[in-house]
Amino acid sequence: MQIPNVGFSYESTEQAEFEIIDMAKIYRSKGYDHDPAAPHRVSFFMMIFIEEGEGVHMVDFKEYPFKPGTMLFVQRDQVHAFDNTSQPKGKILIFTQAFLDNLHTNMRLPNYTPTHLNQQHSPFLQLEGESRERTHNLIIQITQELDLNDRDPLIVMYLFSALALILKRQQPDEHCESLSQSQSATFSRFFTLLQSNFQRVRDANWYASQIGTTYKTLNHVCKLAAGLTAKQVIDNFTILEIKRRLVVSNITSQQIAFDFGFEDASNFVKYFKKETQLTPSQFQKLYITPAL
């Protein structure tokens with residue numbers, strides 16, 4: 001089974017690059033070409049705010065229990081799955097990189113960098129009291145503005161920026177620092193290049209030369225963006241993609257070794273075990289239920 005790739009619906013948003021969906025919509029999955037409750041990869045960013053109900057949301061094969069007031073963050077290219085068992089109520093904020101780029105041009109906003117590659121990162125945030133109420137109210141205001149015939153994209157951006165800053169305040173232990181505009185551009189070029197070449201290149205110096213910078217500069221930017229060195233970003237991204245294929249596609253070590261340019265399966269197993277302390281088959285057994 002291949003991981004379904006879910007793209008942003010530009011037609012439904014009239015090219016707005018931003019959309020809010022009521023969670024009840026995903027339970028009526030007849031209009032989708034994938035099962036929202038099955039693992040699928042998204043090409044956009046998501047913020048899932050739980051208003052009522054409890055359950056477990058899967059993000060990159062880790063399960064996060066949620067309850068009213070939970071905010072879940074799913075980054076672009078992550079694999080996740082909804083838990084529709086109790087049909088929780090809430091809102092899903094969906095937005096693209098273009099929306100974020102426009103935001104950064106117009107106002108202050110926390111950088112959306114791939115912090116999920118850092119093992120200390122959690123996509124889970126439990127809101128209580130005033131922060132929960134303010135989050136709920138801002139989502140309502142954004143929804144109201146989006147529903148207007150003469151909606152103003154700038155108002156949507158200001159409201160979203162306020163929401164992002166309020167949520168940022170609830171994450172005081174977040175390790176990454178603010179990137180300058182040039183640093184953000186450097187990291188964006190690096191990460192885009194990595195997404196296209198991770199199967200064949202795992203050399204940080206190569207990526208630095210390809211984007212016209214030095215290894216030292218790239219390393220510094222990666223530490224600011226994700227709390228990791230450039231090599232750690234490369235390896236963690238590669239390992240995460242391998243994990244996705246091992247679980248969802250149930251692929252063999254021999255095939256992955258070939259796909260990722262390892263000399264043989266034994267070299268791949270050594271690389272995977274060094275990064276995860278598990279062999280590929282041991283990792284698969286944690287997530288794949290044997291057929292009866």
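The largest nonpolar core of this predicted model has 40 residues, and Phe-190, Leu-194 and Leu-218 touch the most other members. A nonpolar core here is a set of buried Ala, Val, Leu, Ile, Met, Phe, Trp, Tyr and Cys residues joined through side-chain atoms within 4.5 Å. Buried means under 20% relative accessible area, exposed means over 50%, and partly exposed lies in between, with a 1.4 Å probe and protein chains only.

Which elements build this core? Strand E8 (79-81) supplies at least two residues, and so does each of the helices H6 (181-197), H7 (204-210), H8 (215-226), H9 (230-249), H10 (253-259) and H11 (265-276). The names come from DSSP runs numbered from the N terminus: helices are H or I runs of at least four residues, and strands are E runs of at least two. Among the contributors, H9 gives the most, with 9 residues.

Take Leu-194 as a place to look around. Beyond its neighbours within four places in sequence, Leu-194 is in contact with Tyr-207, Val-233, Ile-234 and Phe-237; contact means heavy atoms within 4.5 Å. Another core, of 26 residues, lies apart from the largest one, and its members include Phe-73, Leu-125, Leu-146 and Leu-167.

Let us stay with the helices for a moment. Two packed helices are described by the angle between their axes and the distance between the axes. For H9 and H11, the angle is about 110° and the axes are 11 Å apart. That makes H9 roughly perpendicular to H11, since 65 to 115 degrees counts as roughly perpendicular, under 35 as roughly parallel, over 145 as roughly antiparallel and the rest as oblique. The axes are lines fitted to C-alpha atoms, for helices over the stretch in contact, and the angles run from 0 to 180 degrees between N-to-C directions.

Where the two helices meet, H9 brings Asp-235, Asn-236, Thr-238, Ile-239, Ile-242, Lys-243 and Leu-246, while H11 brings Phe-268, Tyr-271, Phe-272, Glu-275 and Thr-276. Sorted by type, the residues of this contact are 6 nonpolar, 3 polar and 3 charged. In this sorting, Ala, Val, Leu, Ile, Met, Phe, Trp, Tyr, Cys and Pro count as nonpolar, Asp, Glu, Lys and Arg as charged, and the others, Gly among them, as polar.

Arg-202 sits in the loop between H6 and H7. Is this residue buried or exposed? Arg-202 counts as buried, because its relative accessibility is 17%. Leaving out residues up to four places away in sequence, Arg-202 touches Lys-231, Ile-234, Asp-235, Thr-238, Phe-260, Phe-262 and Tyr-271. Arg-202 and Asp-235 are 33 residues apart along the chain, yet 7.1 Å separates their C-alpha atoms.

Now turn to the strands. An open sheet is formed by 5 strands in the order E2-E9-E4-E7-E10, with antiparallel pairing; two strands pair if DSSP finds at least two bridges between them. Strand E2 (18-22) and E10 are the edge strands, each pairing on one side only. Ignoring direction, neighbouring strands of the sheet are turned by 15° against each other on average.

With strand E4 (residues 45-52), E7 pairs in the antiparallel sense over 4 bridges, and Phe-49 stands opposite Met-71. Strand E10 (residues 124-126) also runs antiparallel to E7, joined by 3 bridges, with Phe-124 as the bridge partner of Leu-72.

Two residues in the loop between strand E5 (55-59) and strand E6 (62-66) deserve a look: Asp-60 and Phe-61. Asp-60 has a positive phi of about 50° although it is not a glycine, and Phe-61, also not a glycine, has a positive phi near 70°. Asp-60 counts as buried at 12% relative accessibility, and Phe-61 counts as buried at 8%.

Finally, step back to the whole chain. The protein chain has 12 helices and 10 strands, and 48% of its 292 residues count as buried. Of the contacts between residues at least 6 apart in sequence, 71% join residues at least 24 apart.

Residues are numbered from 1 along each chain as its sequence is written, and side-chain values use heavy atoms, leaving out hydrogens and water. In this predicted model, local features need pLDDT of at least 70 and side-chain atom pairs count only at pLDDT 80 or more, while totals for chains, interfaces and linings use all residues.
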